[in-house]
Each structure stands twice: as C-alpha cells, then as structure tokens.
Amino acid sequence: DVVILDDGFQDNAIFKNLIIICFNQNQLVGNGLVIPAGPLREDLSALKRASIVVINGDRDKHFEDEILNFNNKLSIFYSNYEPVNIERFQGKKLVALAGIGNPINFFNLLTNFKLNVIKKHEFPDHYNISKSELTSILENAKKNDYQLIMTEKDYFRIKKFELTDIDYLKVVLKINDKDKLINKILENLK
C-alpha cells in the first residue's frame with residue numbers, strides 16, 4: 001500500500017503524498033549552493049514541497065528559522081545515531097575505514113564516543129574497495145596491533161571477501177519525539 005523512495009525528491013514525475021527531507025548537522029546545506037558549486041541538488045526553495053524535516057544532530061534554532069523561511073508549515077524533528085556494539089571497540093587502537101557520503105560523520109561518531117582512532121581511511125561514497133586494498137589496510141593494522149573498524153554499510157559491501165579481523169560499528173537511529181513523527185506520517189498518508 002505504501003511505496004517509500006530514497007533519493008526520490010528530485011523526481012517530479014512521481015506523485016508523492018509526503019516528503020521528508022533529512023539534513024545532517026555537520027553539513028546542513030554546506031555553502032548553500034546547488035551542484036556543482038555546492039552540495040545541494042536543488043535550491044532551498046524546494047522545501048516548499050516538503051512536509052517534514054529530520055535533522056541528525058543537536059537542536060539548531062538558527063537553521064530551523066532559515067528553513068522555515070521557505071516553508072513555515074514544516075514539522076521539524078531531530079535524530080541521533082547511537083552505537084549498539086561500542087563495547088567491542090573500547091580500549092582498543094582503531095583503524096577506521098569509511099566509504100559513505102560524508103566519512104567525517106562516521107569518524108566524528110567514533111571520536112564522540114571516545115574511541116581511540118589511530119588512523120582513518122576515507123573513500124568516496126559507493127567506492128568499490130578491492131580485496132587487495134582492504135588486505136593491505138588490514139595487514140598494516142594487524143602489524144601494529146590495531147583493530148579495523150568500518151561502517152555497517154561498508155562492512156556488508158566487503159563481506160564477500162570473507163576476511164577476518166574486520167568489524168563494524170552497528171548504530172541505530174534514535175528519533176526525538178518519535179511517536180509524534182509517526183503520527184505526522186500517518187496523518188499525511190490518509
């Protein structure tokens with residue numbers, strides 16, 4: 001009964017009952033410019049089509065005011081990533097690997113939870129790391145008695161290599177006012 005699109009905001013050929021826009025507090029709108037001059041796919045005036053905004057991070061009244069200038073009917077919610085298996089990595093020297101849209105967010109998460117990151121390997125989003133690249137990183141980590149940690153998304157991308165001694169940080173998304181958000185979604189789907 002329901003179709004959920006990820007990254008479907010710019011596809012105007014599809015009628016949408018509800019549009020949820022997500023921002024990460026670390027990047028927000030960057031320089032506010034559209035690709036290729038900036039990170040945005042559309043000008044912020046496109047928020048007129050949205051119903052809900054979810055900001056991953058701490059409350060930012062200034063940014064709320066900025067986006068409400070484009071659409072004062074927006075419902076704004078906040079979320080945070082919380083590690084589930086962090087105890088596996090506490091007290092260890094880590095080599096962190098990330099090939100996601102904004103690797104710095106993963107590295108910051110590790111640091112915010114006081115993990116000891118010795119070295120970082122940053123790859124572009126959707127990068128297909130080769131088995132030889134990964135083996136080299138892993139061997140170097142083992143040589144120094146470091147543990148390799150990566151995002152869950154990256155881990156499942158490289159799982160096919162069947163390498164051992166690689167682990168990932170499992171996270172869950174905690175949404176503030178989750179019940180209110182669910183009710184808002186259900187209202188829009190009626």
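Colleague: Why does Glu64 count as buried?

Modeller: The relative accessibility of Glu64 is 7%, and buried means under 20% relative accessible area, exposed over 50% and partly exposed in between, found with a 1.4 Å probe and with protein chains only, so Glu64 belongs to the buried class. This is a predicted model, in which local features need pLDDT of at least 70 and side-chain atom pairs count only at pLDDT 80 or more, while totals for chains, interfaces and linings use all residues. Residues are numbered from 1 along each chain as its sequence is written, and side-chain values use heavy atoms, with hydrogens and water left out.

Colleague: How do you know that Arg59 forms a salt bridge with Glu64?

Modeller: The closest N and O atoms of Arg59 and Glu64 are 2.8 Å apart, and a salt bridge asks for a side-chain nitrogen of Lys or Arg within 4 Å of a carboxyl oxygen of Asp or Glu, so the pair passes the cut-off. Arg59 itself is exposed, because its relative accessible area is 58%. By this rule the count comes to nine salt bridges, and another one of them joins Glu42 to Arg49 at 2.9 Å between the closest N and O atoms, with Arg49 partly exposed at 34% relative accessibility.

Colleague: What makes the side chains of Asp167 and Arg88 a salt bridge, and where does each of the two stand?

Modeller: Their N to O distance is 2.9 Å, which is within the limit for a salt bridge. The pair links distant parts of the chain, 79 residues apart, with Asp167 in strand S7 and Arg88 in the loop between S3 and S4. Asp167 is buried, its relative accessible area being 15%, whereas Arg88 counts as partly exposed at 40%.

Colleague: Why are S1 and S8 said to stand at the edges?

Modeller: The open sheet of four strands has the order S1-S2-S3-S8, with mixed pairing. Strand S1 (20-24) and strand S8 (171-175) each have a single partner strand, so one side of each is left without a neighbour in the sheet.

Colleague: What makes S2 mostly covered?

Modeller: Five of its five residues are buried. Ile52, Val54 and Asn56 point one way from the strand, while Val53 and Ile55 point the other way.

Colleague: Why is the unit of S2, helix H1 and S3 called right-handed?

Modeller: A crossover is right-handed if, with the strands pointing away from the viewer, the path from the first strand over the helix to the second runs clockwise. S2, helix H1 (residues 61-68) and S3 make a β-α-β unit of this hand.

Colleague: Which strands form the sheet with parallel pairing?

Modeller: This open sheet has four strands in the order S5-S4-S6-S7. Its edge strands, S5 (116-122) and S7 (166-169), each pair on one side only. Strand S4 (residues 93-98) is joined to S5 by six bridges, and Ala96 stands opposite Lys120 in S5.

Colleague: What is the peptide bond from Ile35 to Pro36?

Modeller: That bond is cis, with omega near 10°, and Pro36 has its place in the loop between S1 and S2.

Notes: Pairing = 2+ DSSP bridges.
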